[in-house]
Amino acid sequence: MDQGFFLLFAAVSVITALTVVLARNPVHSALALMACFLQVSAIFVLLGAPLLAVIQIFVYVGAIMVLFLFVIMMIDVREAVLQRFLPGGNLPALVLLVLLGVEMLVLLLWSDRFSVMEPVVMRGGDGIRQLSTALFADYLLPFETASVILLAALVGAIMLARKEQG
């Protein structure tokens, strides 16, 4: 059952990752990237790492995707769509992509690290408890400072993306 869910999440993750690369609209690309991040967090849950799944959702889906969407809002998408790559300029990139894919398949087939085995699940929450205590006790000021800096960046991006009235 777990293997079926893993294969489902992995397949959807690969499809959404391909959508990130192949989508013509940058907003669609960003939404596909967010869906890919969610699939990766579901895989973390299946592997018995709920902390990594929550961190994946908070950090990547929450913070990084907001920054990506602000960058997309700030650039002129209509002008970027009009500018296309030179014809034939994608051939070296395609050759490199095929070579890297073949290399990855060869390494996967020759490696013994990817044999079927049960994941190691940490019983007891000592590691998570130590991490949370260190984050919210010892490093509370840097944590809150980072949140204020991100809030200032958010307000700044909104002000820059706003149209001038007048």
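This is a predicted model: local features need pLDDT of at least 70, side-chain atom pairs count only at pLDDT 80 or more; totals for chains, interfaces and linings use all residues.
Trainee: How many helices and strands does the protein have?

Mentor: Seven helices and zero strands. Along the sequence the pattern reads α-α-α-α-α-α-α.

Trainee: How do I read the packing of two helices?

Mentor: Two packed helices are described by the angle between their axes and the distance between the axes. Here, take α2 (residues 26–46) and α3 (residues 50–74): the angle is about 175 degrees, and the axes lie 9 Å apart. The cut-off for roughly antiparallel is over 145 degrees, so α2 counts as roughly antiparallel to α3.

Trainee: Which residues of α2 and α3 make the contact?

Mentor: On α2, they include A30, L33, F37, L38 and F44. On α3, look at residues including A53, I57, Y60, F68 and I72. By class, the contact has 19 nonpolar residues, two polar and no charged.

Trainee: What span does α2 reach from its first C-alpha to its last?

Mentor: α2 has 21 residues and reaches 30 Å, close to the 30 Å expected at 1.5 Å a residue.

Trainee: Which residues are buried in α2?

Mentor: First the general idea. An α-helix has 3.6 residues a turn, so residues three or four places apart point the same way. In α2 the buried residues include S29, A30, L33, C36 and F37. Their cover includes α1 (2–22) and α3.

Trainee: What share of the protein's residues count as buried?

Mentor: 11% of the 166 residues. The accessible surface is about 13600 Å², with 73% belonging to carbon and sulfur atoms.

Notes. Residues are numbered from 1 along each chain as its sequence is written. Side-chain values use heavy atoms; hydrogens and water are left out. Helices (H or I, at least four residues) and strands (E, at least two) are DSSP runs, numbered from the N terminus. Buried means under 20% relative accessible area, exposed over 50%, partly exposed in between (1.4 Å probe, protein chains only). Accessible areas come from the Shrake-Rupley method with a 1.4 Å probe; for residues, only the protein chains shown count as cover. Axes are lines fitted to C-alpha atoms, for helices over the stretch in contact, and angles run from 0 to 180 degrees between N-to-C directions. Angles under 35 degrees count as roughly parallel, over 145 as roughly antiparallel, 65 to 115 as roughly perpendicular and the rest as oblique. Contact means heavy atoms within 4.5 Å. Ala, Val, Leu, Ile, Met, Phe, Trp, Tyr, Cys and Pro count as nonpolar, Asp, Glu, Lys and Arg as charged, and the others, Gly among them, as polar. The expected span of a helix is 1.5 Å times one less than its number of residues.
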